[in-house]
Every structure is written in structure tokens, then in C-alpha cells.
Amino acid sequence: MAVHVSGLIGALLVMGVAGAWNELTLDEGQRRRAFLAMLVGVYANLVMNVLGALVDFPGPATQPGVKAPFWQYAVFGAFGAVLIPSLLLAVGTVLHGLRRRPSP
């Protein structure tokens, strides 16, 4: 259940960024950074979702009160350490690019 929710949220984030991409006021380096950060974050999300489904990672909605083995927490923590900063960087850069264009 959690895989479907986070997969949908990731897909909505990518579609939102794609819809606004042509309106961004970013230079080439900022665009590249936003694209790479989004790509890394979305793929880390995908790997975390698939791995979570394969090892039946317990969640509060699917298996309340069940504790996962330590190795699962370590692996998911490592992926989270990549996923969260990369998506924050991507979203922050895109939001910066959506600022108003200077008046001529």
C-alpha cells in the first residue's frame, strides 16, 4: 500500500516539474542540477519502493506495531539520505526558477 502512495506522489512531482519546465528562469547549470537531482531522487524512490515491497517492510498502515530488522532500517536510511536531499534540491531549484521574470 505504501509503495503505491509514494509512487504516485513521485510521479505527480515529476509531472508537475515537467509541466513547469519551459517556464523556469534558470541558467543551464541550474537546469542541469535540477534535472539530475530530480532523476536521482525519483530513481532512489523507485528502488526504495521496490525493495520495500520485496522485503515486506512494515509500515504504520500495513503492519502496525511490527518492527523491521535493523538491516532494513539501515538500507532504507541510506536511501533516504540520498532521496530526501536530492528531491529537496530539485524542488528548491525549480521553485527558484518559477520566480517572476524581471520587468524589462
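Is Q72 buried or exposed, and what is its relative accessible area?

Modeller: This is a predicted model, in which local features need pLDDT of at least 70, side-chain atom pairs count only at pLDDT 80 or more, and totals for chains, interfaces and linings use all residues. Residues are numbered from 1 along each chain as its sequence is written, and side-chain values use heavy atoms, with hydrogens and water left out.

Q72 is buried, for its relative accessible area is 5%. Here, buried means under 20% relative accessible area, exposed means over 50%, and partly exposed lies in between, with a 1.4 Å probe and protein chains only. Q72 belongs to helix 3, which covers residues 70-97. Helices are DSSP runs of H or I with at least four residues, strands are runs of E with at least two, and both are numbered from the N terminus.

A polar atom of the Q72 side chain lies 3.5 Å from the backbone oxygen of V55. When neighbours within four places in sequence are left aside, Q72 is in contact with V55, F57 and P58. Contact means heavy atoms within 4.5 Å.

N45 is placed in helix 2, residues 28-54. The side chain of N45 reaches the backbone oxygen of S6 at 3.4 Å. Apart from neighbours within four places in sequence, N45 is in contact with S6, G10 and L83.

V5, by comparison, counts as partly exposed, at 45% relative accessibility. V5 is found in helix 1, residues 2-20. Although V5 and N49 are 44 residues apart in sequence, their C-alpha atoms are 9.7 Å apart in space.

These residues may now be placed in the whole chain. The protein chain has 3 helices and 0 strands, and along the sequence the pattern reads α-α-α. The radius of gyration of the protein chain is 17 Å, well over the 13 Å that the globule rule gives for 104 residues, so the chain is more spread out than a compact globule. This radius is taken over C-alpha atoms, and the globule rule is 2.2 Å times the number of residues to the power 0.38. Along the principal axes, the C-alpha atoms fill a box of roughly 60 × 20 × 20 Å. Of the 104 residues in the protein chain, 27% are buried. Among contacts in the protein chain with a separation of 6 or more, 76% join residues 24 or more positions apart.

Notes: Polar contact = N/O pair within 3.5 Å; in protein donor to acceptor, adjacent residues only side chain to side chain.
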